[in-house]
Amino acid sequence: MTSHTTTPLEYKTEQSQMNILGFWVFLGAEIVLFSTLFASYFVLEHNTAGGPAGQDIFILKDVLIETFILLTSSFTSGLAIHSMRNHDKKGVLIWMIITLLLGAGFLYMEINEFIHYVHEGATIQTSGFTAAFFTLLGTHGAHVTFGIIWISLLLVQLVRRGITEKTSSKLFISSLYWHFLDVVWIFIFTFVYLKGMVM
Amino acid sequence: MSLDEFFVTGDPLILASQIAIGLTMVGLIALITYLKRWKWLWNEWFTTVDHKKIGIMYILAGVLMFFRGGVDGLLMKAQTSRPGLDLLDAQHYDEIFTTHGVIMILFMAMPLLIGIMNVVIPLQIGARDVAFPKLNAFSFWIFFAGAMLFNLSFVIGGSPDAGWTSYFPLAGKEFTPGVGNNYYAISLQIAGIGTLATGINFVVTIIKMRAPGMSWMKLPIFVWTTFITSIIIVAAFPILTIALLYMTLDRLFGTHFFTVAAGGDPMLWLNLFWLWGHPEVYIVVLPAFGMFSEVIATFARKNLYGYKSMVYAVAGIAFLSMLVWVHHFYTMGNSAAVNSIFSLTTMMIAIPTGVKIFNWLFTLRKGRIEFSTSMLWALAFIPCFTIGGVTGVMLAMAAADYQYHNTMFLVAHFHYVLIPGVVFAVFAGLYYWWPKMFGFKLNEKIGKWHFWLFVIGFNMTFMPMFFVGLDGMSRRMYTYAESTGWGAWLGFSAVGSLVMAAGFAALCYNIYWSFRYASRNVGNDPWNARSLEWATASPAPHYNFAVVPEVENLDDFWYKKKKGTLGLKKSDLKPVHMPSNSWTPIVLAGAFGLVGFFLVFEWIPLAIIAAVGIVVGLVANTFDYDDGYHIPVDELEEEEREWRGDLQ
Amino acid sequence: MKKLVYALTLLLIPVLLAGCESKLLVFDPKGPVARSLTDLIVYSIIFMLVIVVVIFVLFGYIVWKYRARKDDSDFEPEEEKGNHLLEITWFTIPVIIVIALMIPTMKTIYEVEDIPQGYEEEEPLVIHVTSADWKWIFSYPEQDIETVNYINIPADHPVQFKMTSAGTMQSFWVPELGGQKYTMANMQTNLYLVADKPGSFYGRNTSFNGQGYAHMEFEVQAQTEEDFNEWVHEVHNTAMDLSEEKYSEILEPGVLGRMTFNGTHLEWIDHAHGGSEKYIDSELYRIDHGDDEEEQEEGREDDQEEENENQDTEDTSESANTDHSHH
Amino acid sequence: MSAKTHRFPWNLLVGYVLSVALTLLAVFVSFNTDFSSNVILWVIGILALFQAIIQLFMFMHVTEGKEGIINVINMVNSIILALIIVFGSIWVLTSGHASMH
Ligand code: HEA
Ligand code: HEA
Ligand SMILES: [Cu+2]
């Protein structure tokens with residue numbers, strides 16, 4: 001079997017190929033989902049109904065830290081997949097755990113950020129703007145939370161079963177998911193935070 | 001919440017239905033228990049991952065929902081059959097057209113089409129199953145959970161009453177404080193997850209699981225339309241997800257996305273709803289176009305004329321379908337530029353659709369047209385849909401639409417596209433693929449009754465609506481004054497709906513009759529058809545094909561049949577890999593349904609507790625390493641020998 | 001049988017277009033705006049009829065000619081791939097039709113946004129439209145008059161409607177005078193209409209907004225300039241003043257007859273610019289499932305009575321909900 | 001696409017450094033230049049798009065696997081949809097006199 005040496009393990013079975021392709025299609029749906037959230041945010045952005053607007057509450061420093069945490073976690077999850085392709089189980093574990101810790105750190109920061117906003121008088125019920133803002137951010141945050149739980153479960157399977165055709169394709173898919181969340185965040189950072197603070 | 005608020009009470013009509021529903025349920029459970037069928041049901045149906053069985057369950061659910069939606073339709077027709085009638089009060093009428101619209105589109109058209117897709121697509125591409133069989137089962141069960149939750153509103157809590165479009169501000173908590181519209185938001189959300197999963201499933205199935213040699217331009221046209229429909233599903237359903245999420249947050253958690261107060265924008269709902277809603281109507285019509293193409297080619301005994309241009313036309317319709325949503329609210333006070341652009345994009349859809357119509361006509365030309373029941377539906381579709389289509393183009397002209405919008409003219413338009421486009425197609429498909437599902441044909445004679453009653457009734461019901469619409473009658477009016485002069489039109493229309501109902505009854509009788517008496521000896525290819533699904537036994541064996549066929553041509557089966565090169569060699573048989581049954585889909589869907597129910601009543605703590613069920617299901621699922629099983633060669637041989645004479 | 005039904009319908013359409021005694025409202029315009037819409041509609045119907053006829057004839061001919069016969073059971077139709085020339089033809093002709101439909105559509109879209117041609121010089125009468133559940137409130141800021149469920153306008157004179165809603169979304173439509181447009185809280189939409197001659201026109205809401213929707217109708221009465229001025233004068237002399245309490249009462253969900261007041265609510269609120277929420281009481285929208293239908297009916301009668309007390313120049317029996325006798 | 005690459009993962013590192021740099025650049029453009037806000041929006045928007053492309057190609061290996069081309073088509077299609085949804089909604093809801101702004 002020549003394919004042994006040329007195809008990464010996660011692509012080996014027909015079923016894993018389909019799983020990966022299916023996940024890409026799902027990511028297409030996720031792009032539509034988030035662009036709907038963005039579209040709504042842009043439409044409602046200025047409807048603050050007397051409540052605070054973006055520039056009143058956003059804090060650049062915190063947001064930048066969140067951004068770098070997430071960028072780094074995307075990088076480390078890439079390293080995890082790299083290790084996986086080198087059949088380095090320990091490497092996968094280490095990089096993935098770092099990824100998860102970064103993810104948790106991001107969530108921690110985000111929750112603090114939300115608490116801060118609430119103290120500033122911006123709850124999800126305050127205005128059209130806050131509703132769209134919290135829902136966009138919250139949907140992203142919920143995705144991150146889901147990702148952390150999901151990848152943790154996959155790591156358990158990895159420990160139990162080692163790097164197999166199945167675990168590798170599952171982990172590969174979860175890394176696609178994680179990178180995707182980073183992409184979404186880049187747009188949030190740019191079009192919610194930077195735009196909100198500049199304009 | 002007191003008990004009498006919980007149960008819908010009072011009206012004798014509803015009380016009778018409640019009792020009927022209750023008795024039916026009890027009777028059904030008793031019957032199954034008496035026949036000791038629970039285990040069988042669980043093993044053979046509830047936990048199945050077989051695409052054909054899932055398809056059949058979809059179809060069953062769809063037919064049931066058609067009955068429910070149809071009764072709604074009849075009630076509306078009865079109420080407006082004469083001026084000033086009092087069969088239904090305003091509130092009831094409002095609830096009924098809302099549930100009618102939602103049920104017909106989302107719980108009738110969608111499952112029937114997806115059901116037929118499920119049965120046929122893997123067979124047509126020579127696959128063993130879909131790409132993700134377990135996900136497929138989940139899609140069905142979660143759709144079913146959504147549908148049941150929606151129907152529950154009829155007896156518990158109250159039905160939604162803001163139209164199938166649920167426009168805000170009306171659908172907001174201030175104006176519709178009951179739980180009815182919570183049902184709408186949550187049950188559609190739940191069912192929507194299933195549809196999205198189906199879309200992904202079929203995209204991957206069609207990309208990856210085609211039989212060897214079946215390149216893109218050799219795909220049966222129904223596979224093409226399903227593929228493109230699935231792409232539209234993936235593109236459009238996430239928008240609905242978000243719109244419904246906002247609706248849920250507004251209604252349950254006091255946010256202000258669409259509320260007039262505090263900076264919400266009700267027009268955002270319209271925008272998002274139609275960003276999904278318009279593609280949705282093409283989601284239901286494109287697979288139907290595919291079915292008609294199959295049926296027409298088979299019974300004209302010719303190949304499909306202009307196959308390639310048909311494919312491009314479908315792709316063109318799909319692309320344009322994402323660019324026209326504003327035509328549903330031209331009258332919102334958009335700028336003239338917006339209305340002009342969307343008029344143009346909308347009208348452009350007529351062009352690829354016209355291409356399809358002419359290709360169908362030219363497939364028929366120089367053919368030998370056999371008037372089987374299935375073919376009759378496909379034939380009747382062409383003129384009826386043309387009427388619906390050209391009136392659609394009239395609506396597309398924004399300035400003219402200022403006079404048609406939200407009138408009965410519009411109602412006539414969409415029934416003239418939905419019923420010929422979708423319902424006729426489903427009927428054509430059912431008559432056509434019935435033997436593949438069950439191993440016997442539906443009776444042709446009763447079928448003709450079904451056909452003529454339904455088609456004549458359909459035209460009688462909906463043609464008058466064009467005229468009352470032009471006479472200033474708006475939609476959703478539960479009553480009108482005698483002085484309007486609409487009574488005669490609408491009376492005629494009501495009679496038509498009874499004729500239609502008789503047609504539907506004929507279908508039910510046909511199913512009953514054929515189950516009991518129809519010949520079980522139909523062979524694998526009862527219609528002398530063209531595509532691969534007819535190369536295997538009827539009903540199709542659970543492994544579909546003992547040996548996956550190699551394809552060289554479009555309509556490969558047809559040519560091989562002619563050449564007589566279809567046989568199966570014993571030496572080619574290899575064990576077939578099959579997926580195992582799974583309980584996770586139905587349990588997970590049940591948990592979703594339960595969470596949904598608690599959310600409807602805003603019992604958040606209970607919903608959270610039930611959500612644990614979802615988490616458990618998902619965790620169990622990710623730890624599931626079941627690899628399926630193999631069917632041994634002798635079992636294959638035995639089954640194949642049973643139906644084919646050509647096993648060498 | 002089916003063909004017969006079609007033939008009949010086909011015959012019916014031109015007959016209706018030609019107009020026997022009772023013309024359909026949309027084909028019976030009574031002002032320049034509606035007329036340009038009707039012209040567009042008739043123009044498009046001609047195209048559609050041609051398309052429908054072509055398709056039906058082709059369809060009938062083909063299905064008849066190539067039907068299977070008992071004696072040709074061994075006839076094996078030839079396979080046909082397609083024909084580029086034909087395919088290009090039935091692609092191109094619809095393209096041309098779409099262009100032919102698009103040009104006048106666009107022209108009309110732009111046209112009906114502005115004061116109708118020939119009336120640009122005249123100063124339009126401004127009427128504020130406020131739609132509420134389930135009645136129409138009209139304010140004449142210049143005349144300082146407010147009416148419910150009817151409007152009087154001078155004929156042959158442009159009227160500018162500035163429209164908004166006090167809550168749910170409605171759609172303002174007077175088919176004989178022009179196309180419809182939505183009314184939305186916190187927003188203002190604009191519509192220009194002109195009535196050629198004095199007359200009475202049916203108007204209604206077409207955007208579903210709850211229980212009273214079917215009855216949400218109004219009447220437009222176009223009058224001569226003198227009659228209109230006289231009406232204004234008479235209202236000033238006889239109608240009672242609109243108070244803020246009275247106004248909140250009117251806004252409560254319910255179906256009302258006609259009313260007339262001196263003064264407009266624009267003095268204290270313009271719903272186009274927010275503030276509607278203080279009039280919205282969701283308790284009043286709670287529904288029951290039929291068990292106390294009688295109560296509801298009673299409620300409605302109460303409204304009716306109250307409104308009788310406040311009636312003046314207009315006659316109640318002609319309440320808006322049964323008045324649509326244009327035939 | 002080779003299974004065993006003991007090589008150092010340069011593409012990952014380059015991608016990471018680039019994305020950090022682009023982020024900082026976006027912040028710089030937003031706060032330390034005096035372009036009009038419209039220009040700023042375009043610039044940071046394009047920077048974000050670059051970052052997304054970096055993630056797609058350097059981290060997510062879109063073109064990998066048998067379906068590489070299909071993945072790319074899928075992503076392009078989704079991006080077109082995203083643009084339609086975002087720009088379409090904004091245009092429809094903020095032009096015309098019904099808008100609240
Ligand atoms: C299966 C469902 C289906 C289909 C296929 C269509 C097809 C079309 N629809 Fe329809 N539509 C609905 C379902 C559907 N619609 C529903 C449910 C609503 C109302 C929702 C609600 O408000 O509740 C609606 C409403 C609706 C509106 C909104 C009107 C309003 O609210 O005021 C408009 C406006 O443009 C419209 C247009 C069209 C057009 C142009 C087509 C075109 O695709 C039709 C194309 C077909 C043809 C034109 C015929 C064949 C072509 C030829 C023979 C070629 C030559 C012809 C020409 C060049 C004209 N539709
Ligand atoms: C695929 C979609 C679909 C289908 C098939 C239908 C089918 C029918 N619809 Fe449709 N309809 C919609 C989609 C559909 N509808 C939508 C989306 C709306 C808009 C809702 C809204 O405004 O929000 C609407 C609105 C709508 C209205 C407008 C209400 C209003 O605005 O006032 C009316 C009024 O007559 C109506 C009537 C009917 C009728 C009579 C049928 C008939 O074709 C039904 C025929 C079926 C049967 C008759 C089955 C039942 C049979 C029996 C009971 C016989 C006995 C059987 C046995 C013994 C087994 N519908
Ligand atoms: Cu549409």
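Begin at the iron atom of ligand 1 and select His413(B): its NE2 atom, at 2.2 Å, is the only protein donor of this iron. The model on display is a predicted one.

**The copper ion beside the iron**

Next, select ligand 3, the copper ion, which lies 4.6 Å from the iron atom of ligand 1.

His278(B) belongs to helix α9 of chain B (residues 266-300), whereas His327(B) sits in the loop between α10 (307-321) and α11 (336-348) of chain B. The two residues are 49 positions apart, and the pair links distant parts of the chain. Are His278(B) and His327(B) buried or exposed? Both His278(B) and His327(B) are buried.

**The nonpolar core**

Now move to the largest nonpolar core, which holds 411 residues. Select Phe133(A), Phe107(B), Trp269(B), Phe424(B) and Phe172(C), the members that touch the most other members. Centre the view on Phe107(B) and show its neighbours. Leaving aside residues up to four places away in sequence, Phe107(B) touches Ala61(B), Gly62(B), Met65(B), Val102(B), Phe143(B), Gly146(B), Ala147(B), Phe150(B), Leu188(B) and Ala191(B). Another core, of 13 residues, lies apart from the largest one; Ala132(C), Ile137(C), Ala166(C) and Phe261(C) are among its members.

**Chain C and its sheet**

Select chain C alone. Chain C contains six helices and 12 strands, and buried residues account for 54% of its 327 residues. Among contacts between residues at least 6 apart in the sequence of chain C, 72% join residues at least 24 apart. The chain exposes about 14700 Å², with carbon and sulfur atoms supplying 54% of that area.

Within chain C, highlight the open sheet of five strands in the order β4-β10-β9-β6-β7, where the pairing is mixed. Its edges are β4 (150-154) and β7 (181-183) of chain C, each of which pairs on one side only. On average, and with direction ignored, neighbouring strands of the sheet are turned by 25 degrees against each other.

At one end of this order, select β6 (residues 170-173) together with β7 of chain C; they pair in the antiparallel sense over three bridges. Which residue of β7(C) is the bridge partner of Ser171(C)? The partner is Tyr182(C). Then turn to helix α4 of chain C (residues 225-238), which lies across β4 and β10 (217-223) of chain C. Helix α4 runs at about 130 degrees to β4(C).

**How the chains meet**

Show every chain again. Five pairs of chains touch, and the pair with the most contacts is that of chains B and C. Chains A and C do not touch, and their nearest C-alpha atoms are 10 Å apart.

Chain D has three helices and zero strands, giving the pattern α-α-α along its sequence. Of its 101 residues, 49% count as buried. Its accessible surface comes to about 5300 Å², and 73% of this belongs to carbon and sulfur atoms.

**Backbone details to inspect**

Most residues other than glycine have a negative phi, and most peptide bonds are trans.

- Select Phe168(B) and Pro169(B), which are joined by a cis peptide bond with omega of about 0 degrees. Pro169(B) is placed in the loop between α6 (133-152) and α7 (180-208) of chain B.
- Select Asp133(C) and Trp134(C), also joined by a cis peptide bond, with omega of about 0 degrees. Trp134(C) occupies the loop between β1 (125-132) and β2 (135-140) of chain C.
- Select Asn544(B), a non-glycine residue with a positive phi of about 65 degrees. Asn544(B) lies in the loop between α17 (487-517) and α18 (556-563) of chain B, and counts as buried at 0% relative accessibility.
- Select Glu602(B), a non-glycine residue with a positive phi of about 60 degrees. Glu602(B) is in the loop between α19 (584-600) and α20 (604-622) of chain B, and is partly exposed, with a relative accessible area of 30%.

Methods: Residues numbered from 1 in each chain as written. Chains lettered and ligands numbered in written order. Predicted model: local features only at pLDDT ≥ 70, side-chain atom pairs only at ≥ 80, totals over all residues. Heavy atoms only, no water. Donors = N, O, S within 2.8 Å, 3.2 Å for Na, K, Ca; no water. Helix = DSSP H or I, 4+ residues; strand = E, 2+ residues; numbered from the N terminus. Buried < 20%, exposed > 50% of the residue type's maximum accessible area, 1.4 Å probe, protein only. Core = buried A, V, L, I, M, F, W, Y, C linked by side-chain atoms within 4.5 Å. Contact = heavy atoms within 4.5 Å. Pairing = 2+ DSSP bridges. Axes fitted to C-alpha atoms, helices over the stretch in contact; angles between N-to-C directions. Areas by Shrake-Rupley, 256 points an atom, 1.4 Å probe, with all protein chains shown as cover.
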